[in-house]
Amino acid sequence: MIHRESALLTGNRLIVLLYAALAALPAVILAVLIFHHSVNVPHSDGLISYGNLLYKQVNNDLSAADLFAQHNESRPLFPRIFFLAIANLTQWDVRYQMMFTFFLACLISCNIYFLIPHSLPGLKQISLLLMIPVNILVFSPIQSDNWLKGFQSLLFFPPVCLTAALVICRSTFSTVWKIVFAAAVSFIATFSFANGILCWILLIPILLPELIGREGRRKQLLIVYLVCAVATAVLYFRSYQQLVQHQGIMQVISDPFSAVVYLLQFLGAPLGYFGNVKADLGAGIFLGVFFILCLGYMLIQRNKKQLWHRTMPWVSLAGYAVLSGVIITYGRLGRSIEPAPRYTSISVYFSIALFILFVLIIHDIKDNFPKYYKKVVLLSVPIASVLIFLSICAGVQGVKRMDEIRIKRLSERACLAFINVLPESGEFKGHQLITGYRQFLGPMIKQLNQTGRWKLPYIQGPDIQKIDGQKRDATTRCGKLVNFEQTSIPGIHEAEGYAYLKDRREPADAILFTYRAQNNSFILFDYIFGPFKPVTIENGKCSAGSWHGTVLLKLVHQEDADVSAWAYDALSGRAYKLEGSIRINRSQEGTG
């Protein structure tokens with residue numbers, strides 16, 4: 001008998017370990033994907049807005065007003081504080097910001113894990129089993145835009161705060177501490193991302209059962225909580241500026257159908273496909289109908305206080321996604337045909353909350369309507385299987401998107417390396433944002449480089465021999481300059497060829513064009529930035545980039561010159577000369 005109980009105990013432990021390993025697997029896979037696809041280069045708002053904060057700090061010009069300042073619809077005070085801390089400790093290595101984003105996702109996962117037992121007490125194995133599909137969604141690669149943009153960690157602050165507050169509110173802490181904690185995390189969420197202010201509202205139904213009908217101190221606590229919420233809102237909207245591009249409530253009223261479609265696309269995006277509006281809409285309709293059915297069952301069972309006590313945290317989490325979608329629809333409707341991919345890090349919690357809600361309802365049906373239990377289970381198995389399959393398919397699409405993002409980031413890193421080399425009138429082809437902010441970015445990157453805050457490759461002069469990677473390996477072959485022909489416009493040539501990076505076995509990140517000066521140095525006069533169309537060479541062993549573009553000769557300061565092309569590696573900051581060179585005579589071609 002003792003041996004039998006010991007075997008059962010060992011078997012249970014193995015099952016728990018198996019569930020735990022499967023639950024942790026999505027996080028492990030995502031960590032590997034981030035490590036492989038991450039590129040240390042600031043991007044978009046992370047470069048312009050957050051770079052400006054670091055620039056001001058270097059110049060001793062950073063103030064509290066800069067930290068509280070409005071950015072789009074948000075006042076990301078706390079993400080800015082964390083950004084400055086991480087940037088100063090890591091010399092602005094944005095990969096550490098990506099690690100911080102991943103850490104916040106892990107906190108959300110842990111909070112959900114600790115919250116499930118309060119809804120399903122005494123079922124530890126079930127909690128771990130439920131965490132498998134939950135973590136597939138939490139760590140889904142479909143959120144690729146946010147995993148690979150360090151500054152997008154601000155999107156994860158509100159769900160971290162909300163789920164942590166839900167765990168504390170369902171714990172054995174005293175009511176006073178629950179109120180204090182709920183108010184504190186709601187304040188942090190408000191000053192992290194625009195939808196964080198919803199936490200104040202969503203936590204009220206969770207706190208009310210402990211406060212309603214109470215006299216004296218507990219009733220006063222509710223008043224204190226509401227006063228803090230109002231004071232936070234007043235501080236948040238002080239000097240708030242409505243964005244000009246917002247269509248406003250009139251757009252929603254005049255076209256309610258488009259607004260509903262936009263909201264459903266937002267909710268269905270974590271189970272849809274990039275750029276496939278119909279797939280997002282279909283998933284959104286299914287989830288929306290499913291959510292309404294769950295709420296309908298709860299209304300039928302409205303007298304069952306235990307059911308409402310168990311389900312309300314998940315209704316609040318679903319409400320966070322839905323109300324956030326309403327805010328986003330209000331702000332973005334008319335500006336795009338579908339919500340931006342970055343918002344999947346918000347809408348994903350609708351699917352998570354709905355999944356747990358459905359499990360809780362099945363559990364309640366088992367206790368109250370046993371004759372329908374088997375039928376509901378039989379119906380739920382294929383539905384759950386389809387949803388998990390869709391989330392995995394969406395994750396696969398996210399991995400493909402990660403590949404695209406990595407290539408674009410490498411091109412941006414190459415672009416920023418040369419931002420102070422060529423004249424200010426030059427354009428960074430394919431990088432309109434960097435071109436538009438060049439007059440700001442040039443001095444900023446130069447000073448950050450001088451003060452040790454910028455450790456990315458930074459080219460300070462046009463002499464390419466200073467970054468010649470072939471000095472170390474004279475046998476390196478990196479591609480070929482195939483053609484360089486004059487167009488009908490003097491001074492403009494069409495150039496084409498292929499280039500790859502031997503160490504990385506990938507296409508080059510940029511093509512640099514040089515002419516040979518009288519002192520035999522190679523002087524940069526133009527460039528073409530990737531990404532380039534991949535082609536396979538050397539018996540399929542190397543993936544090269546086939547490039548083609550126009551080249552200007554206005555910076556070639558010689559009548560006769562040998563033009564060469566170089567493959568640039570944005571990670572190492574090295575350039576490798578391609579085979580072939582072209583002899584040009586500008587006096588015969590005219591000047592451009």
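1. Basis of the note. A residue counts as buried under 20% relative accessible area, as exposed over 50%, and as partly exposed in between, with a 1.4 Å probe and protein chains only. By that definition Ser239, at 62% relative accessibility, is exposed. The structure is a predicted model, in which local features need pLDDT of at least 70 and side-chain atom pairs count only at pLDDT 80 or more, while totals for chains, interfaces and linings use all residues. Residues are numbered from 1 along each chain as its sequence is written, and side-chain values use heavy atoms, with hydrogens and water left out.

2. Overall composition. The protein has 21 helices and nine strands; these are DSSP runs numbered from the N terminus, with helices (H or I) of at least four residues and strands (E) of at least two. Of the 592 residues in the protein, 51% are buried. Contact means heavy atoms within 4.5 Å. Among contacts between residues at least 6 apart in sequence, 73% join residues at least 24 apart.

3. Nonpolar cores. The term denotes a set of buried Ala, Val, Leu, Ile, Met, Phe, Trp, Tyr and Cys residues joined through side-chain atoms within 4.5 Å. The largest such core has 146 residues, and Trp92, Phe418 and Tyr568 have the most contacts inside it. Helix H17 (residues 344-368) supplies the largest share of this core, 15 residues. A second, separate core of 26 residues includes Cys478, Ile528, Leu553 and Ala561.

4. Packing of H15 with H16. Helix H15 (residues 277-300) and helix H16 (residues 305-332) pack at an angle of about 150°, with their axes 12 Å apart. The pair is therefore roughly antiparallel. Axes here are lines fitted to C-alpha atoms, for helices over the stretch in contact, and angles run from 0 to 180 degrees between N-to-C directions. Angles under 35 degrees count as roughly parallel, over 145 as roughly antiparallel, 65 to 115 as roughly perpendicular, and the rest as oblique. The crossing of H15 past H16 is left-handed, a term used if the near helix is turned anticlockwise from the far one by less than a right angle, with right-handed for clockwise. On the H15 side, the contact involves Phe291, Leu295, Tyr297, Met298 and Leu299, which meet Leu307, Trp308, Thr311, Val315 and Ala318 of H16. By class, nine of these residues are nonpolar, one is polar and none is charged. In this classification Ala, Val, Leu, Ile, Met, Phe, Trp, Tyr, Cys and Pro count as nonpolar, Asp, Glu, Lys and Arg as charged, and the others, Gly among them, as polar.

5. Packing of H15 with H17. H15 and H17 pack at an angle of about 40°, with their axes 10 Å apart, and are therefore oblique to each other. H15 passes H17 in a left-handed crossing. From H15, Leu287, Gly288, Phe290, Phe291, Cys294, Tyr297 and Met298 meet Phe350, Ser351, Leu354, Leu357, Phe358, Ile361, Asp364 and Ile365 of H17. This contact comprises 12 nonpolar residues, two polar and one charged.

6. Ala353. This residue is found in helix H17 and is buried, with a relative accessible area of 0%. Ala353 lies 8.5 Å from Ser316, C-alpha to C-alpha, although the two are 37 residues apart in sequence. Residues up to four places away in sequence not counted, Ala353 touches Trp314, Leu317 and Ala318.

7. Gln143 is placed in the loop between helix H6 (124-138) and helix H7 (144-147), and at 1% relative accessibility it counts as buried. Apart from residues up to four places away in sequence, Gln143 touches Leu137, Val138, Phe156, Thr344, Ser345 and Val348. Asp66, in helix H3 (residues 64-68), is likewise buried, at 16% relative accessibility. Its contacts, leaving aside neighbours within four places in sequence, are Leu53, Lys56, Asp61 and Arg80.

8. Backbone points for checking. Most residues other than glycine have a negative phi. Ser239, which is not a glycine, has a positive phi of about 60°. Ser239 lies in the loop between helix H12 (217-237) and helix H13 (249-254). Asn520 also has a positive phi, near 70°. Asn520 lies in the loop between strand E4 (510-516) and strand E5 (522-529), and at 45% relative accessibility it counts as partly exposed.
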